[in-house]
Amino acid sequence: MINLENLTEEQKNELKRQFAEEEAEKEQERNQRIKEYKDLVDECVMKGIQKAKYVSEMIANEKKEIQDMFKTLIALKAEMYGLRDNQQSNTFTTSDGNYSITLGYRVIDSFDDTVHTGIAKAKNYINRILKDENKELQKVLDLLLKKDKNGNLKASRVIELERIALEIGDEELTDGVRIIKEAWKPQKSRTFIEASYKDENGNKINIPLSMTTINEVNYEANNNPANKENTHS
């Protein structure tokens, strides 16, 4: 073991130089590994993006083909069974009941800016009943006026709020709910396609049509109609 006290200044400086060189080499190696890692990230991300774009375009094209294929059936179904034009979804099932496809859209709750006036009136009523210590009713009304993650009220809650307002009979609350209801402007979401089939035991199997669900489902290839005919949404 080296005793530093026995070393000359020149020897000590040489040791310091060697230590500094070793640290510099380690830092250089670390920086090189970091660069190689970042280069690999760039390469994988770009390859992943290209594959994702390809899958997205393929799904979009297949989805349009399926929708076009069922347009005539949807029109015939509406005519034969007297369905309303604004029906949100249509389901078609094979005669043996083993295969089924649903096409449609979902409604997203949306309100125009006047909803804030209605909410303010309803809140004024809630503040007034606080004086009477009607805590239970306050909790109910607060829940019904609670917004979702997108900042919108739920239409189903507005209907319940309207029922309660009519029972209470308070003019300010009733007017606030009326404004909220009139501010409701539902919007259609993107169209969807759902497909399913029954396995050999009669169990319904949903065919995964999104990248987030494909690896969660494991089913036999001979029971997968997607192998016979590509279906995407």
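Rings of Phe, Tyr and Trp (its six-membered ring) pair if their centres lie within 6.5 Å, with planes under 30 degrees apart counted as stacked, over 60 as edge-to-face and the rest as tilted. The model examined here is predicted, so local features need pLDDT of at least 70 and side-chain atom pairs count only at pLDDT 80 or more, while totals for chains, interfaces and linings use all residues. Residues are numbered from 1 along each chain as its sequence is written, and side-chain values use heavy atoms, leaving out hydrogens and water.

The ring centres of F70 and F92 are 5.2 Å apart and their planes meet at 40°, so the pair is tilted. It links distant parts of the chain, 22 residues apart: F70 belongs to helix α1 (residues 9-81) and F92 to strand β1 (residues 89-93). Helices (H or I, at least four residues) and strands (E, at least two) are DSSP runs, numbered from the N terminus. F70 is buried, at a relative accessible area of 11%, and F92 also counts as buried, at 18%. Here buried means under 20% relative accessible area, exposed over 50% and partly exposed in between (1.4 Å probe, protein chains only).

In α4 (residues 155-168), the residues A155, V158, L161, I164 and A165 are buried. They cover an arc of only 165° around the axis (taken from the directions from the helix axis to the C-beta atoms), which puts them on the same side of α4. On the other side, S156, I159, L166 and E167 are exposed. Just after α4, G169 adopts a positive phi of about 80°.

Conventions:
The expected span of a helix is 1.5 Å times one less than its number of residues.
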